[in-house]
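Hello,

Here is the structure you asked for. Please look through it first, then read the notes below it.

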Amino acid sequence: MKYQTQKVAYPFFIAALLLFAGQVLFGLLAGAVYVWPEFMAEAMPFHIMRMSHTNLLVVWLLIGFFGATYYLLPEEAETELHSPMIAYIQLGIFVFAGAAALVGYQFGIHEGREFLEQPLWVKILLTISFLMFLYNGSRTLLAGRRTAISMILMAGLWLAAIFWLFSFYNPSNLSLDKMYWWYVIHLWVEGVWGLIMASLLAYLLVKMSGVDREIIEKWLYVIVGLVLFAGLLGTGHHYYWIGTPGYWQPLGNIFGALEVLPLFSMVVFTFYMFWQGSRNHPNKAAILWTLGCAVMAFFGAGVWGLMHNMSWVNYYSHGTQVTAAHGHLAFYGAYVMLNLAVISYAMPQLRGKLPYNQIRNMWSFWMMTGGMAFMTFTLTFAGVVQTHLQRVMGENYMTTQDQIWVFYAMRFGAGIIVVIGALVFLWATLGKPREQTPKGAAHVAAGSADG
């Protein structure tokens, strides 16, 4: 680790991992309701479980992005972070606001808009925290070297903050509400978060592949161009049935299909760089998460998204378990695995250790990825059967749900594996490192040099 202020990232990663554990546990509770419909019905209704699950997901991912930025920015800018104190205060505000919202949900205190259920005062605190982060990061960036990686990363985070402001606008007209709601939800996860993903992948490739920075940055510009070109108008594939003008159907079909291109290019980019690279980096677990992130994001966000975002398919599948299958694999592949890749790379250096507990870390990779893949398949089959019975044959919703119960049971089993895998990751990352050989230290010293 070259700069002392990179240590600021450590509490961010700790907070992110603890919230990650909470997120998957709430997800397991919600999955249990599909198997046993009366499960905790009075103590914690399903909508509260799901709300807690999705909100924890977004909060811990953002905290992970903040920590990753604080870790890489001093290296990229070749200067210390502008203000560690601002970073710690910002983290405290963000965690407090997220925790307060979570506690409030258990008592029915929420605004009801999916993913944006936070009360107004919580949204204001989150915005203040986000602005503190942007000030701190931007001052650091402007004070030192500006690379393609750091500039694109900060651009993605600035745009994320700008689109977040639409969460404050809640019009009474439902069609208008959904149109602007997607400005946050889609333009985050299928738009500007793509810039964050591409830049963090590029940073990991610079550090671990040995390929020249100039080559990686050229690829990065191409991917970012594709993300913005397809992702912005790709919002149209959410506008088919909410009362917007009919021209959104061809726009949504065309640009929704094009969203596969940047995701496929990330797969080619990542594997090609490691194939061309000359560096035998010792942190094999971080390499595995990096490669896995590109692959699973392509299948989850790209392939599974394309399966049902064409209007003639979406007409039947909209709101079924096909959507849930896509959402789970897309978030896991694109952003959960990305954060876990950065944490796997950075934590040994933040703790002053060599890459440690790698076998345990890689076990967690295969458990979580295998469990999520199986969960995606079961939800996909459930969604196909649901679409046929409910939308084609005309059966009512509850009769259909009874007939796809077996898929929910299998999904719950897969969820148990994912939770165990997440806990193993925490054990591998935060647990006591095993003894390392002096030979490994030389490899780490060589591998930490900038490419």
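Methionine 307 touches Val313 and Thr380, if residues up to four places away in sequence are left out. This is a predicted model, so please read everything here with that in mind. Methionine 307 belongs to helix α10, which covers residues 284–308. Leucine 157 lies 150 residues away from methionine 307 along the chain, and the C-alpha atoms of the two are separated by 29 Å.

Next, the surface. Leu120, Ile124, Ile128, Leu165 and Phe168 make a nonpolar surface patch of about 420 Å². One of them, leucine 165, is found in the loop between α5 (148–164) and α6 (174–209). Leucine 165 is partly exposed, at a relative accessible area of 47%.

Then the aromatic rings. The count of aromatic pairs comes to 43. Among them is the pair of phenylalanine 163 and phenylalanine 166, with ring centres 6.4 Å apart and planes at 25 degrees. Why is this pair called stacked? Planes under 30 degrees apart count as stacked, so an angle of 25 degrees qualifies. Are the two residues buried or exposed? Phenylalanine 163 counts as buried, at 15% relative accessibility, whereas phenylalanine 166 counts as partly exposed, at 24%.

Phenylalanine 166 also pairs with tyrosine 180: their ring centres are 5.8 Å apart and their planes are at 10 degrees, so this pair is stacked too. Phenylalanine 166 lies in the loop between α5 and α6, and tyrosine 180 lies in helix α6, so the pair ties together parts that are 14 residues apart in sequence.

There is also an aromatic cluster, formed by Phe65, Trp164, Phe168, Trp188, Trp193, Phe331 and Tyr335. Phe168 is a name you have met above, as it is part of the nonpolar surface patch.

Last, charges over rings. Which ring does the charged end of arginine 360 sit over? It is the ring of tryptophan 427, and the charged end is 3.8 Å from the ring's centre. The charged end of arginine 411 sits over the ring of tyrosine 34, 4.7 Å from its centre.

Regards

How values were computed
Residues numbered from 1 in each chain as written. Predicted model: local features only at pLDDT ≥ 70, side-chain atom pairs only at ≥ 80, totals over all residues. Heavy atoms only, no water. Patch = residues over 30% accessible without salt bridge, like charges linked within 9 Å, V, L, I, M, F, W, Y side chains within 5 Å. Areas by Shrake-Rupley, 256 points an atom, 1.4 Å probe, with all protein chains shown as cover. Salt bridge = Lys/Arg side-chain N within 4 Å of Asp/Glu carboxyl O. Helix = DSSP H or I, 4+ residues; strand = E, 2+ residues; numbered from the N terminus. Buried < 20%, exposed > 50% of the residue type's maximum accessible area, 1.4 Å probe, protein only. Phe/Tyr/Trp six-rings, centres within 6.5 Å; stacked < 30°, edge-to-face > 60°. Lys NZ or Arg CZ within 6 Å of the ring centre and 35° of its normal. Contact = heavy atoms within 4.5 Å.
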